[in-house]
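Thank you all for coming. Please have a look at the structure on the screen, and I will then walk you through a few places in it.

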Amino acid sequence: MNKLDAELSLGLLQEEGYKIVDKVDEADVILFYTCSVRQHAEDKVYSHLGALKTLKKRRPEVIVGVLGCMAQKDGETIFKRMPHVDLVCGTRMFSRLPEMLLKIRNHGSRVLAIDEDQIVNVKRAVTYRLNFYQAFVTVMRGCDNYCSYCIVPYVRGREISRTIADVKEEVQSLVSNGCREVTLLGQNINSYGKGLRGNVTLGDLLTELNEIDGLDRIRFVTSHPADMSRGLIRTISRLEKVCEYLHMPAQSGSDEVLKRMRRGYPAGYYRDLISYARELIPHLTVASDFIVGFPGETEEDFQETVRLMEDIRFQNCFIFKYSPRTGTKAAELKDDVPDETKRARNLKLLELQKKISLEENTKMIGKKVDVLVEGASKSNPNRLSGRTRQNHIVVFNGSQDLVGKLAGVVIHEVTDLTLFGLLIGCG
Ligand code: 5AD
Ligand code: SF4
């Protein structure tokens, strides 16, 4: 979502004549899109901001701005900690970025914009796009779930969904500009439609988008197990453009921890849901997030998480050490798992996932996969890189004119992160 908000902002600024430069030293405006989900993310931003002090001394006319969740959460405090910052702009105000920058430039005054009652309304300018064949599209913002550890509902606000008509118009315009894959974004995307007229659901939105000619793939993130209905799984299984990939964080395998996290489901429910989805959607891959070291997590609780991971065999997992966030319910609990234990558990899950990913990827050897080609491979610019519908990264031979096309590739070698293959055709 930060990437997309940055992309939308760059679009707005480009329309005003701003240009993107490669080096910080050449910039007149430097903007940070920030995350507050863990302390580590915030520390990194403060350290980047600190590093700009000398540049700002040398060139005081440079505008330094902090946007997004950390701006929303810390507000005025950012100016106090980092006096060389000119702009603090929260999660719902960035559509006014051009006028804010103008005000700072013309009046030399700082701007603090963290109004909570605003509704984000940014008309997408197709002038600035990272890729022309692939796009993120926000379909809802905010979250009403209040998982006990999570700052998102406080910084992103209540759930607000865009109408199907609005989303469809945006996707159609992207497709007419060459886009072939969209990833729909929402912090809690399964409750898309809440508050809209006519009881619309994510299934209705996917069904509508599935009709768009020229669009090949639809993805959506992030799914919450408690809000993921079986009806939605059935709908996905019927829609040929919706990819066989679910990012549905389990967070823990322990019922006790899940209860304290206020996730609203026990581990058994999660297992059943995945079994049901796998029955209906052949070749489905599943990714998850896990938090280790949540307050009160015992070794036995942790082993339950290990078991869940072993049983489900995720394609990919993001594993985080618990980080208390002031203002959340969990921050009232004692952060009693020592950092050393958090680190050891984190490492153990990473290693387990690596082993599972390698085993699962090995099963792909000799198979043909369809790849949407994204560009040159980062590790070897002479090769191409892209993704399968199941979100595997594939590196293979081929010329640059395949970028943005669908290619058929046979896999001959794998690591835990990448499939390597040979091109056999494109379409
Ligand atoms: N500490 C650690 N991880 C967190 N996440 C959210 N809040 C916290 C926190 N306080 C993780 C969850 C979520 C992902 C985006 O970040 O796993 O799914
Ligand atoms: Fe945070 Fe996701 Fe829970 Fe919402 S559903 S509170 S964004 S972890």
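Predicted model: local features only at pLDDT ≥ 70, side-chain atom pairs only at ≥ 80, totals over all residues.

A backbone polar atom of Ser323 sits 2.7 Å from a nitrogen atom of ligand 1, a polar contact, by which I mean a pair of N or O atoms within 3.5 Å, where within protein one atom must be able to donate a hydrogen and the other to accept it, and residues adjacent in sequence count only if both atoms are side-chain atoms. On its own ligand 1 exposes 410 Å², and the protein buries 86% of that, with accessible areas taken from the Shrake-Rupley method with a 1.4 Å probe, where for residues only the protein chains shown count as cover.

Residues are numbered from 1 along each chain as its sequence is written, chains are lettered from A and ligands numbered from 1 in the order in which they are written, and side-chain values use heavy atoms, with hydrogens and water left out.

Which residues are around ligand 2? They are Cys143, Asn145, Tyr146, Cys147, Tyr149, Cys150, Val152, Pro153, His224 and Arg263, where being near means that a heavy atom of the residue lies within 4 Å. By class this shell has seven nonpolar residues, two polar and one charged, whereas the shell around ligand 1 has five nonpolar, two polar and four charged; here Ala, Val, Leu, Ile, Met, Phe, Trp, Tyr, Cys and Pro count as nonpolar, Asp, Glu, Lys and Arg as charged, and the others, Gly among them, as polar.

Turning to the whole chain, an automatic or database assignment sets the domain bounds, giving domain 1 (2-113), domain 2 (134-362) and domain 3 (368-426). The C-alpha centres of domain 1 and domain 2 are 29 Å apart.

Finally, the backbone: most residues other than glycine have a negative phi, and most peptide bonds are trans. Asn199, however, has a positive phi, near 55 degrees, and the peptide bond from Val221 to Thr222 is cis, with omega near 0 degrees.
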